[in-house]
Amino acid sequence: MSPIVEIHDLKKVYDGDFEALKGVTLDIVEGEILALLGPNGAGKTTLISTICGISSPSSGTIRVGGHDVVTEYRQARRLVGLVPQEINIEPFSKVADTVAFTRGLFGKKRDDALVEKILRDLSLWEKRDSRIHALSGGMKRRVLIAKALAHEPRVLFLDEPTAGVDVELRRDMWELVEKLRAGGVTIILTTHYIEEAEAIADRVGVINNGALLLVEDKTALMQRMGKKVLRIELRDAVTTLPDCLDGFDLAIAEDGRVLTYTYDTHGERTGITRLLGELQNAGVALNDIQTSQSTLEDIFVDIVKDTP
């Protein structure tokens, strides 16, 4: 698939020579779901704002659907929908009017059937005649999403879309994301709920201190950087380990009643068989053993921790 968003050596410098983006280069493929992960202040929102034309790049280029976001702003912006973090909607307008008006802002013809479909997909149809100020925070968030979809964008940016919302909205939203992707819409999201990125993203990008540290297929990333941990419950607590176990990556936990062994699943040997044999030879009795796999969150924390 060809890239629908092309970013090359993008830099954003604010007053005081603060570099919010440090030479970001990234191609986003049409029809994919890309999750951008990073701590607060990493540059996620700045990157999205610059792609969407809200903020001007200091240098570098961005093209959306082949259109430069600076020299061909209107053509590029028509292809983009944005759900921002902040809820900023005219409080006294009606829900349906708000969505229809947004469609008109992008030069699209009136389409009551499409507006109805969007509102129904987001469980807003029953609220279509309600004024924005009368809605709950979760419902206002739904309206933001409806507004972003009103002009039928090919690229949808979701900036922390489920932060502080109810479980029902989160579920509805990810169902809608899957429908949009099936229809060819490209989705770029930032989220603090890394388990959501793990569940729905095709690729994962990690950004920190304005630099894009990596962009990789999610499954490949988890296979490459993931580790497994063997949890060994002991019959009797220990305070020290026998010398024969010095060569193993073992840690004592839970007041000496548990040993944890971290190993690489892609190594030629895991070492588990030899470890269990050495434990038996040392007279260490076991109650139970369990294994757990690294999550995307574990990997993300390790990547960010190791960057300056």
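## Burial, packing and voids in a predicted model

T50 is buried, at a relative accessible area of 1% (buried means under 20% relative accessible area, exposed over 50%, partly exposed in between, with a 1.4 Å probe and protein chains only). The model is predicted, so local features need pLDDT of at least 70 and side-chain atom pairs count only at pLDDT 80 or more, while totals for chains, interfaces and linings use all residues. Residues are numbered from 1 along each chain as its sequence is written, and side-chain values use heavy atoms, with hydrogens and water left out.

T50 lies in helix α1 (residues 44-51); helices (H or I, at least four residues) and strands (E, at least two) are DSSP runs, numbered from the N terminus. Apart from neighbours within four places in sequence, T50 is in contact with L10, L21, S55, S56, P57, I62 and V69, where contact means heavy atoms within 4.5 Å.

### Nonpolar cores

A nonpolar core is a set of buried Ala, Val, Leu, Ile, Met, Phe, Trp, Tyr and Cys residues joined through side-chain atoms within 4.5 Å. The largest one holds 49 residues, of which L119, L156, L158, V177, I187 and L296 touch the most other members. Helix α5 (residues 137-149) gives the most to this core, namely seven residues. With neighbours within four places in sequence set aside, the contacts of L156 include A148, L149, L180, V185 and I187. A second, separate core has 26 residues, among them L26, L47, V64 and L79.

### Helix α3

In helix α3 (residues 95-105), the buried residues are V95, A96, T98, V99, T102 and R103. Viewed down the axis of α3, these residues fall within an arc of 165 degrees, so they line one face of the helix; the arc is that of the directions from the helix axis to the C-beta atoms. F101 and L105, on the other side of α3, are exposed. The cover over the buried residues of α3 includes α4 (112-121) and α5. Just after α3, G107 adopts a positive phi of about 75 degrees.

### Pockets and cavity

On a 1 Å grid over the protein atoms alone, a cavity is a set of points where a 1.4 Å probe fits but cannot get out, and a pocket is an open set with protein on both sides within 12 Å along at least five of seven lines; lining residues have an atom within 4 Å of a point. Grid points are joined across faces, edges and corners, and a volume is the space filled by probe spheres set on the points. In the table, Ala, Val, Leu, Ile, Met, Phe, Trp, Tyr, Cys and Pro count as nonpolar, Asp, Glu, Lys and Arg as charged, and the others, Gly among them, as polar.

| Largest cavity | about 30 Å³ | five nonpolar, one polar, one charged |

The largest pocket is lined by 23 residues, and R77, T102, L105, F106 and K147 are the closest to its centre. Its lining takes at least two residues from each of α2, β6 (80-83), α3 and α5. For the second largest pocket, α4 gives the most to the lining, with four residues; the lining residues include L114, K117, D121, E152 and K179.

The structure holds one cavity of 30 Å³ or more. The largest cavity is lined by I51, C52, G53, V69, Y73, A76 and R77, and helix α2 (residues 73-78) gives the most to this lining, with three residues.
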